[in-house]
Amino acid sequence: MIQLRNIHKSFGTLEVLKGIDLDIAQGEVVSIVGPSGAGKTTLLQIMGTLDRADSGSVVIKGTDVSRLGQKELARFRNRQIGFVFQFHQLLPEFTALENVMIPGLIGGRSRRETRQKAQELLEFMGLGDRAGHKPSELSGGEKQRVAVARALINEPAVVMADEPSGSLDSANKAELHRLFFDLRDRLGQTFVIVTHDEELARTTDRTIHMKDGRILLADQPRENTQSSCAAPQPGEPSSETLSPLHRHEPSEQ
Ligand SMILES: Nc1ncnc2c1ncn2[C@@H]1O[C@H](COP(=O)(O)OP(=O)(O)OP(=O)(O)O)[C@@H](O)[C@H]1O
Ligand SMILES: [Mg+2]
């Protein structure tokens with residue numbers, strides 16, 4: 001689903017990425033860890049098409065994004081990549097529902113369809129009754145879950161998160177992490193998560209260790225600790241009720 005080949009990136013004379021090769025499969029939850037300054041955010045930004053590499057290639061769902069022009073790239077990013085940052089970055093003057101809708105409207109979807117989808121996503125996050133609230137009226141954990149809903153509105157190929165739980169207390173942190181695995185199990189959603197949280201890193205399918213602009217360990221797919229075809233628990237919404245969100249065929253590349 002994502003292939004990075006020999007990615008190099010420098011800022012001035014500082015060589016931040018020194019030849020990164022990485023493959024990420026559909027439905028994988030991959031964590032990227034490493035000391036401050038290792039190049040994790042830089043790598044995520046390049047993988048997420050927010051920044052360009054000096055050399056090397058980034059292929060996402062078969063598209064070599066280094067070959068796209070600015071406009072095409074913006075459209076590709078809007079459709080294929082969802083972002084979650086350390087601080088929610090919701091727009092304060094809009095409600096939770098409107099914040100979730102914005103990338104959908106930018107992507108040219110109808111208001112009606114986008115609104116319905118946004119409401120469903122918020123309900124899936126347990127925030128159905130908070131949809132009309134503005135960010136200032138939501139807790140930190142709620143805001144971060146709204147940010148996840150916003151990342152998902154266009155059914156992206158991959159969600160990229162940079163320290164998504166970095167600003168949360170342990171209960172909200174655990175809930176957010178559970179949500180990631182839930183979304184993977186139910187929707188086949190692919191996640192790439194930069195984190196300093198060792199517990200989260202341990203539970204992901206694979207951990208990429210970075211240091212000084214390089215990947216340290218050969219990435220060993222770990223025995224999946226989470227079921228990837230978990231049956232809904234009694235009382236939980238079944239994938240039937242989530243059908244509009246249920247779109248990734250497991251075989252899709
Ligand atoms: N736009 C920029 N201009 C100049 N230097 C930069 C820029 N962005 C990052 N750097 C430098 O590149 C190096 C890697 O930064 P990066 O943000 O990728 O690290 P990181 O692994 O995400 O660290 P942290 O865990 O602290 O977030 C750092 O030395 C940083 O100062
Ligand atoms: Mg960083």
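What share of the contacts in the protein chain with a separation of 6 or more comes from residues 24 or more positions apart? Such residues account for 70% of these contacts, two residues being in contact if their C-beta atoms, placed from the backbone, lie within 7 Å. The structure is a predicted model, in which local features need pLDDT of at least 70, side-chain atom pairs count only at pLDDT 80 or more, and totals for chains, interfaces and linings use all residues. Residues are numbered from 1 along each chain as its sequence is written, while chains are lettered from A and ligands numbered from 1 in the order in which they are written.

The protein chain contains 7 helices and 10 strands. Helices (H or I, at least four residues) and strands (E, at least two) are DSSP runs, numbered from the N terminus. Of its 253 residues, 39% count as buried. A residue is buried if 20 or more other C-beta atoms lie within 10 Å of its own, exposed if 12 or fewer, and partly exposed in between, with C-beta atoms placed from the backbone.

Confidence was examined along the chain. The average pLDDT is 87, and 85% of the residues score at least 70; pLDDT is the predictor's confidence in each residue, from 0 to 100. Over residues 225-244 the pLDDT is below 50, and this stretch has 18 contacts in the model beyond near neighbours in sequence. Residues 248-253 also stay under 50, with 11 contacts beyond four places in sequence. Where pLDDT is low, the predicted coordinates should not be read in detail.

One open sheet is built from 6 strands in the order 6-7-8-3-9-10, with mixed pairing. Two strands pair if DSSP finds at least two bridges between them. Strand 6 (81-84) and strand 10 (214-215) are the edge strands. Each has a single partner strand, so one side of each is left without a neighbour in the sheet.

Strand 7 (residues 158-162) is joined to strand 8 (residues 190-194) by 5 bridges, and the two run parallel. Val158 stands opposite Thr190 of strand 8, and Asp162 has Val194 of that strand as its bridge partner. Strand 7 also pairs with strand 6, in the parallel sense, over 4 bridges. Here Phe83 is partnered by Met160 of strand 7. Strand 7 is mostly covered, with 5 of its 5 residues buried. Val158, Met160 and Asp162 point one way from the strand, Val159 and Ala161 the other way. In a regular strand the side chains alternate between the two faces of the sheet. Helix 5 (residues 140-152) lies across strand 6 and strand 7, running at about 170° to strand 6. Axes are lines fitted to C-alpha atoms, for helices over the stretch in contact, and angles run from 0 to 180 degrees between N-to-C directions.

A further open sheet has 4 strands in the order 2-1-4-5, with antiparallel pairing. Its edges are strand 2 and strand 5 (63-64). Each of these has a single partner strand, so one side of each lacks a neighbour in the sheet. Strand 4 and strand 5 run antiparallel and are joined by 2 bridges. Val59 has Asp64 of strand 5 as its bridge partner.

Ser55 lies in strand 4 (residues 55-60). Ser55 has 14 other C-beta atoms within 10 Å and is therefore partly exposed. Leaving aside neighbours within four places in sequence, Ser55 is in contact with Asn6 and His8. The C-alpha atoms of Ser55 and Arg5 are separated by 9.0 Å, although these residues are 50 apart along the chain.

Thr49 follows helix 1 and has a positive phi, near 65°.
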